[in-house]
Amino acid sequence: MSPLNVHLQLQDRHVVLDNGIVQVTLSKPEGIVTGIRYNGVDNLLEIRNEEVNRGYWDLVWSGPGVPGTFDVIKGTNFEVIKEDEEQVELSFTRTWDSSLEGKLVPLNIDKRFVMLRGCSGFYTYAIYEHLEGWPDFSIAETRIAFKLRKDKFHYMAIADNRQRKMPMPDDRLPGRGQPLDYPEAVLLTNPINRDLKGEVDDKYQYSFDNKDNRVHGWISFDPPVGFWNITPSDEFRTGGPVKQNLTSHVGPVTLAMFQSNHYSGEDLNSKFLNGEPWKKVFGPVFIYLNSVFDGEDPLSLWDDAKEQMLIEVQSWPYSFPASEDFPSSDQRGTVSGRLLVRDRYVGEEYISAGSAYVGLAPPGDVGSWQKECKGYQFWTKTDEDGYFSVYDIRTGDYNLYAWVPGFIGDYKYEVNLTITPAGCDIDLDELVYEPPRDGPTLWEIGVPDRSAKEFYVPDPNPKYINKLYVDHPDRFRQYGLWERYAELYPDEDLVYTVGVSDYQKDWFFAQVTRKKEKNTYQGTTWKIIFKLDDVDQTGTYKLRLALASATVSELQVRVNEEKANPPHFTTGLIGKDNSIARHGIHGLYWLYNVDIPGARLVNGDNTIFLTQPRSTSQFQGIMYDYIRLEGPPQASTGKGGSQSRVQLHVEDRHVIMDNGIVQVNLSNPEGLITGIRFNGFEDNLLEVRDAEDSRGYWDVVWSEPGSEGIFDKLKTKQFKVIVENETQVEVSFIQNWDHSLKGKVIPVNLDKRYIMLKGSSGFYTYAIFDHLKGWPEFDIGEARIAFKLSEDKFHHMTITDTRQRMMPTFEDRKNGQPLAYPEAVLLTNTSNPEFKGEVDDKYQYSVENKDNGVHGWISLDPRVGLWMITPSNEFRTGGPHKQDLTSHAGPTTLAMFISSHYSGEELAPNIQNGEPWKKVFGPVFIYLNSVQDTAQDPFKTLWEDAKAQFTKEVQSWPYSFPASDDFPSSDQRGTVTGRLLVRDRYINQDDIAANSSYVGLAPPGDVGSWQRECKGYQFWSKADANGLFSIPNILTGDYNLYAWVPGFIGDYKYNITIKITPGSKQNLGDLVYEPPRNGPTLWEIGIADRSAAEFSVPKPDQKYINKLYVDRQDWFRQYGLWERYSEIYPTADLIYTIGVSKHWNDWFYAHVPRKLSDNKYVPTTWNIVFKLQNHSQTGTYKLRLAFASATYAELQVRINDPKVEHPHFTTGRIGKDNAIARHGIHGLYWLFSVDVPGTLLREGENTIFLTQTRTASAFYGFMYDYLRFEGPPS
């Protein structure tokens, strides 16, 4: 049914906008939103409030002789700007003149409201203008606020993990609530909802960084309605991406904050002096209304609101606002480039500034953007290679600013950038940031990320909790944490001993005052104790103090003399951000660099005293971001100062590489890794009880036509030194093939390389496979490198932040009971009793290529980690979502290059008879690290360090040091950039930015062929929120560009072959993907994301659990879940009723056969029941079936007749990915589009029958990704 036209009703004192979905009433000429009617509710706003106190723009301003004044902006003139069936735009203006001086803010204000046809909500924006010569004034705050009905809206949602039932506004009043240290914080003593008794309510507990503050609002359960405030851009907000602001809070109130001094102080008050002219557009923002059918979960309204937010973000800048002050996209500009970091004490090479924040803001000093509050700002986040594109920039003059997580300080591009209209596109190429650095790091505390979140945040006083934040990542949002300092340190202040203390446990999140008797406070002095050897008495050391927040505080620094007067350094009085009281964990950023003469330091123990003396309030204090002590400058490079040269020892049967940190033994000439020694520990980290050829090795599984797969450890015949100098050794182990070796050795010339660098805590390895023209046909089922570690030492395995544990031993598996396949073993007789009754299966630890960057093992004696780091996916097969093994019980760690896991033989490259083929696998980095015996959490410390090293390796890719001509350096590669849009007219008339889409280059092929491609190289990137992508460091050659977009079915292919030449840079401009679509969506099941994770994954049989995956989001990795289907549906199959069933509860994750009592299996038929109204007998409907996995399966589709002999559609037998058995939740992606003639359907209830017919195994079946039923084209 077509949407109704937009109608405008003009009344004497009101104006009504109505598009048949939403009706909005505004006062005339004031422009106050007095009513919002939706889904049968006459008014969603609080009708008990005066009309002026329901929905309004407001500001807080001051001027000479005028104190801070709160002003609800009331227009004095009304005008219809646009009125047609598609759109109505209204204007409510208030014009200033000198007669109003001192009474009203000296601004001309134009408030706009826009309603579009078919839109479930309305837009609003405002234009503020201060003309030249008008009086001085300042703005502290401006926003739009909505006061919703308190009898309906009780549930607030601002993030996936920040939503809850909220107190009533009455609960904050005397008799029900007790004000605490400031009026916004109230202890609920007698709330209407007794479950809330004893909690604290405070609107500041629901603040958000601008960058994350996109959608928030309220849900009513009767009727089930959502009211959402969507802010699609930050360009008009002040203070940059990490400025915090209010969202929604008790009232129920929802806000769109445009300017405020929260978490910043008066530095974020915009001040206009000496008649300064100024104009700014705030918004548009979108007020979105949604609802669900009776019986559906009202909380799903949040998910829908998030989806709508993405649509709004992708549509920015809007094309419909009528004001000339809001330019469209073609009147804006783009700035792109690449940001690198140069820090010679971290590495010789430039480091890619991955995940850096890069933005354009009005010209100013370095870092001035965080206090900028008059103009516009445009920010983006770089990709892992440091590439950025800042899109849709308004015309004007700007500076480019940046800051890089992991590095202190701010970057500023010194040349002013002028953005002109009509498509200005500026490419800045490579920019280099040199963060503050004088000498090597002697010690550091914290992580330079402009937040104190990594430090110790105590549990709250149980008398003052907000239950939302109990055991929550944002526990710092609890009330009263500042008071815990005096409880934890009642007499003596914090003492931190470098090398012993752990900043996550021993460094309090805020240096606050200590509360004394009679509500008085005193300053505090924190001590940092550290040892120095060989102090340079004539040199200058440097103390870097990065602060995440400061509130009317002062930091004094003293060195080895606590009572020194004056102190060695003081910041003076700084800061007014009040983040401690407002639970902010950060406010404004400050950086101080303190020179410490070597004469002030001593050999042995030293102490730095950090004193915060200001003490008139409990909220005065500092939150640290990061502290670092640097030694005097050094001529040599490297983190540790002078380093041993790399040495190579060539013996008769072994080759030894040694750089004084790591020693690696290789068999000569086979090229097997027989030993790894590290950091002075004498023991071999590899399993010495294994034969030398079973410790560390490259291997393949290969076959000739008609023969079985052969497992080959790739023992070579020749050894050669490629590079040998003080800074690098590279050695080569070679096997040359000839026809005498046919059927015995894989028909390739093989060159295995090992590299050791000076100062590097590990070694690199790569291999070159070369099949010459005329050589015989063969397949590769698997190629990898494997390390078998010491069973006595390595017991703890880590593959991600949330997937790490103590592991069973190889003997535990030998003594266990094999289950349905040999890799899965029930542990029945274990060395560690805690493992008894668990299942161990190496496939439970698989990871997608895109996430498989670092994994490994930790020993506690010695405290050492061994990590496999894979810095690029270019040489892996199957694209970013191909899953593969990582580490597993043994202890074993792997780097997988080729495998058929989760794909089947389609991912085993077949090299044809006579086909020339060459490929470089790697380099990968085997990284070793260690911690002192005094470290409190060695597992976390070693893992965090390994992740940091992984980031450095990624940023250094492609490496410059491999000597082979087959591994080209960065300047011999190319770059492809562009923007991907989606066009689906049944979702949006405008093209939609392909947010978070996967865009890649792979060898030329059919649409979607990349996921089965296994011979060449692939290069992938993830598009940003605007659909912009940059794919750097592409090897020369011919490629197609492919993509897929989460939320949309199917695959995109750019049909022009892309030729990469050395140094080439190709911008493809805007590419448009039109996903499969014939008609409007009548119903859908699931989420189009190529995974079955959103469906109902059952709890495992308690006899077959892995404790790591109990009560976890990825519990699909538990063993035996396929058998639960027959237990849940013992006699009748799954029935899913559209509009009643929920896919997360009622759609089993895998369509498997049913197991009978005699261990036989029978087909299963799932029913989808749905209703049709006004159905078309002559039209053609379309059923879209997207599969996330298929294993020897066949799906037959029948319409309204389950008994018909010939199905309406069948896939035939497809798939061999075995993802059901291997706990994969997805394998290869399949998409089928089934025509359904209207003659097969009927008015009212219909049923689609989905039968999976193949039953030879428990593992045969499908995992669905997404199903959609479309009506005939309209």
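A residue counts as buried here when its relative accessible area is under 20%. Keep that cut-off in mind while you load this predicted model: of its 1274 residues, 62% are buried.

**Whole chain.** Start with everything selected and show the C-alpha trace. Along its principal axes the trace spans about 100 × 95 × 60 Å. A compact globule with 1274 residues would have a radius of gyration near 33 Å, and the protein has 33 Å, so the two agree. Switch to cartoon and you'll be looking at 7 helices and 89 strands.

**Domains.** Now colour by domain. Domain 1 takes two selections, 7-162 and 203-315. Domain 2 is 354-433 and domain 3 is 441-630. Domain 4 needs three pieces, 647-795, 842-855 and 866-956. Finish with domain 5 at 970-1073 and domain 6 at 1081-1270.

**The annotated stretches.** Next, select 355-427, 441-629, 995-1068 and 1081-1268; an unreviewed UniProt entry labels these "domain: Rhamnogalacturonan lyase". Zoom in on 355-427: this span is 0% helix and 49% strand, with its end C-alpha atoms 19 Å apart. Then hop to 1081-1268, where the end C-alpha atoms are 7 Å apart and the chain is 5% helix and 38% strand.

**Cavities.** How many cavities of 30 Å³ or more does a search of the whole structure find? There are 10. Two of them are worth a stop.

For the largest cavity, select His881, Gln1011, His1226, Gly1227 and Leu1228, which lie nearest its centre among 15 lining residues. The space inside comes to about 150 Å³. Colour the lining by class and you get 6 nonpolar, 7 polar and 2 charged residues. Show domain 4 and domain 6 together here, since each gives at least three residues to this lining.

Then move to the second largest cavity, with a volume of about 120 Å³. Pick Val242, Gln370, His586, Gly587 and Leu588, the closest to its centre of the 14 residues that line it. By class, this lining has 7 nonpolar, 5 polar and 2 charged residues.

Notes. Residues are numbered from 1 along each chain as its sequence is written. This is a predicted model: local features need pLDDT of at least 70, side-chain atom pairs count only at pLDDT 80 or more; totals for chains, interfaces and linings use all residues. Side-chain values use heavy atoms; hydrogens and water are left out. Domain bounds come from an automatic or database domain assignment. UniProt positions are given in the numbering used here, feature names are shortened, and annotations may be inferred rather than shown by experiment. Helices (H or I, at least four residues) and strands (E, at least two) are DSSP runs, numbered from the N terminus. On a 1 Å grid over the protein atoms alone, a cavity is a set of points where a 1.4 Å probe fits but cannot get out, and a pocket is an open set with protein on both sides within 12 Å along at least five of seven lines; lining residues have an atom within 4 Å of a point. Grid points are joined across faces, edges and corners, and a volume is the space filled by probe spheres set on the points. Ala, Val, Leu, Ile, Met, Phe, Trp, Tyr, Cys and Pro count as nonpolar, Asp, Glu, Lys and Arg as charged, and the others, Gly among them, as polar. The radius of gyration is taken over C-alpha atoms; the globule rule is 2.2 Å times the number of residues to the power 0.38. Buried means under 20% relative accessible area, exposed over 50%, partly exposed in between (1.4 Å probe, protein chains only).
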